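Have the model open as you read.

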Amino acid sequence: MPPQYLLLPASRAFITFSLIAAFLLNLLPWGRLPGVPDFMALALVFWNIHQPRMVGIGIAFLFGLLLDVHDASLFGQHALAYTLLSYGAMSLHRRVPWFGMPAQMLHVLPLFLLAQAVTLVVRVAVGGDFPGWSWFLQGIATTLLWPLADLLLLAPQRRAVDRDENRPI
């Protein structure tokens, strides 16, 4: 059994920094490569699960609108997907942290695939072409980054308040 840690309270500044960093990663010129993870969705789901009172649906909607403006996509497409994604993550926030990492990944995979499906349906509904099944590789790639997000985004909360070499926590 892995050791249990007492987490420090989450810093609002760190959460804001991580959301902005994830948004900036989404703005990088990845092109139309299939399988590039959606860093913004990853950060939103992570904080919606671990800090649902600090990161809500309104923030997801705002970042979705910003991403719509950046991508020049249909206005509201990402906002709708991120809003539904955040709602799903917040509905799972009491359940997911109790599982091990593989089970957590199985819980968040349908959320990411659903967000992909929402953007695909909106895109096709307004006359866009079906991009193929490789469209869903992004959701799988985002899920594969879940352990890394858990390690990086919870690291500031795992540090000890008083470093004591004789005390394990």
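Let's start with α6, where G139, A141, T142 and T143 are buried (under 20% relative accessible area; exposed is over 50%, partly exposed in between, using a 1.4 Å probe and protein chains only). What covers them includes α2, α5 and α7. Helices here are DSSP runs of H or I with at least four residues, numbered from the N terminus.

Some ground rules: this is a predicted model, where local features need pLDDT of at least 70 and side-chain atom pairs count only at 80 or more, while totals for chains, interfaces and linings use all residues. Residues are numbered from 1 along each chain as its sequence is written, and side-chain values use heavy atoms, with hydrogens and water left out.

Now for the partner α5. Its axis lies 8 Å from that of α6, at an angle of about 150° (axes are lines fitted to C-alpha atoms over the stretch in contact, angles run from 0 to 180 degrees between N-to-C directions). That makes the two helices roughly antiparallel, the word for angles over 145 degrees. Here's who touches whom, with contact meaning heavy atoms within 4.5 Å:

| Helix | Residues in the contact |
|---|---|
| α5 (residues 101-125) | M105, V108, L109, F112, L113, Q116 |
| α6 (residues 137-144) | Q138, G139, I140, T142, T143, L144 |

By type, that contact has 7 nonpolar residues, 5 polar and no charged, with Gly counted as polar.

Over in α2 sits N48, buried with a relative accessible area of 0%. Its side chain makes a polar contact with that of S86 at 2.7 Å (a pair of N or O atoms within 3.5 Å, one able to donate a hydrogen and the other to accept it).

Technical notes
Angles under 35 degrees count as roughly parallel, over 145 as roughly antiparallel, 65 to 115 as roughly perpendicular and the rest as oblique.
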